[in-house]
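Visitor: I would like to go through this model and ask what stands behind each term.
Guide: Go ahead; the structure comes up now.

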Amino acid sequence: MSGTSAQGPRLRPTLDGIPTYKPGKPAGADAYKLSSNENPYEPLPGVLEAAVTAAGSFNRYPDMAVTGLTEELAERFGVPVEHIATGTGSVGVAQSLILATAGPGDEVIFAWRSFEAYPIITQVAGATPVPVPITAAGDHDLDAMLAAITPNTRLIFVCNPNNPTGNVIHRAELERFIDAVPRDVLVVVDEAYIEFIRDPEVPNGIDLYRDRPNVCVLRTFSKAYGLAGLRVGFAIAHEQVATALRKTAVPFGVSQLAQNAAVASLRAEEALLVRVEALVEERARVVAGLRAQGWEIPDSQANFVWLPLGERSAEFAAAATEAGVIVRPFPEGVRVSIGEAEGNSIFLSVAEAFRKTL
């Protein structure tokens, strides 16, 4: 047709500079997947049955208000139902948080390296990511993050424990940081791995949120609860923020299968605690094994460990793949999930051999 452009529709130029989120590589039948921080166990008792029952009516839209799960969470954590918002995993809720607070000309601060999605979802919203380098030990540099705040700052992510290093922030330093942030800046405490924390000095973000209107807590069912494939997460925040989250969420984003499975998971807490404790014990075995080999690694409080290998990260990941375990390389290091004991043992063997080449 005359006058029709041969180049197709115009897309936002901003997208050209946004990296694509890179998930952990899938494992074949003869390999262990230690690249995505997944729970290696099957669904908790009653969860599969709840999901199968819900599947019988998936010709219908799910409950958009996620009523059953919201009420269950409100009772579990002792918060008003109006303070809860759900989404497609905690990353879906995080994206809604940015859409609710930041746009072109606004800034979002986070530690780096931290959760890989932070800069991506910030740029998708048209806002400016402000990464603040973590310390050499893998910790958030909270003073540097405070110094990075400008009049354009709208939101700050604090990942505790930090993904991918596993480091945690203790109560006194986190409270000091939050109380130094301007009250019109939202502080999002991302606690995707809170169930694995055993350090008593690490605060529960919900305690921090209760009397601080600019604090929001992110949680997920993807890790400890083992519902990564169903995509359900939630935020606990004061009503103004939670209401904004519901406005910016994708309608009907959380399927009925996910809602029912999450409720069943919450009700299977006794079995959950047993599984989480088993993973924590396995984490301790892996950390002890690595340190016995001479590795200097952070004291992870999550369900993964971090090897700060820098430019040799891809080389290590290739060696692990050849041995039968899939790990997650980053430019700064390698993150290895705690999975089945057999896979963890293979990883330790790879680490021992690789250590001799350093």
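Visitor: Into which domains is the protein chain divided?
Guide: In this predicted model, domain 1 covers 22–42 + 269–356 and domain 2 covers 47–267. Their C-alpha centres lie 24 Å apart.

Visitor: What makes residues of domain 1 and domain 2 part of the contact?
Guide: Heavy atoms have to come within 4.5 Å. By that rule the contact takes 24 residues from domain 1 and 26 residues from domain 2.

Visitor: How do you know what area is buried between domain 1 and domain 2?
Guide: Buried area is the accessible area that two parts lose on being put together, summed over both. Here that gives about 2,000 Å², with 55% from carbon and sulfur atoms. On the side of domain 1, the residues losing the most area are Glu-269, Leu-272 and Gln-301, which together make up 28% of what that side buries.

Visitor: Why is the pair Arg-328 and Glu-116 called a salt bridge?
Guide: The term requires a side-chain nitrogen of Lys or Arg within 4 Å of a carboxyl oxygen of Asp or Glu. The closest N and O atoms of Arg-328 and Glu-116 are 2.6 Å apart, so the pair qualifies. Between domain 1 and domain 2 the count is 4 salt bridges, and 10 residue pairs are in polar contact.

Visitor: Which elements supply the side of domain 1 that touches domain 2?
Guide: Helix H10 (269–292) and strand E9 (304–307) each supply at least two residues. H10 gives the largest share, 7 residues. By class, that side has 10 nonpolar, 6 polar and 8 charged residues.

Note on methods:
Residues are numbered from 1 along each chain as its sequence is written. This is a predicted model: local features need pLDDT of at least 70, side-chain atom pairs count only at pLDDT 80 or more; totals for chains, interfaces and linings use all residues. Side-chain values use heavy atoms; hydrogens and water are left out. Domain bounds come from an automatic or database domain assignment. Buried area is the accessible area (1.4 Å probe) that two parts lose on being put together, summed over both. A polar contact is a pair of N or O atoms within 3.5 Å; within protein, one must be able to donate a hydrogen and the other to accept it, and residues adjacent in sequence count only if both atoms are side-chain atoms. Helices (H or I, at least four residues) and strands (E, at least two) are DSSP runs, numbered from the N terminus. Ala, Val, Leu, Ile, Met, Phe, Trp, Tyr, Cys and Pro count as nonpolar, Asp, Glu, Lys and Arg as charged, and the others, Gly among them, as polar.
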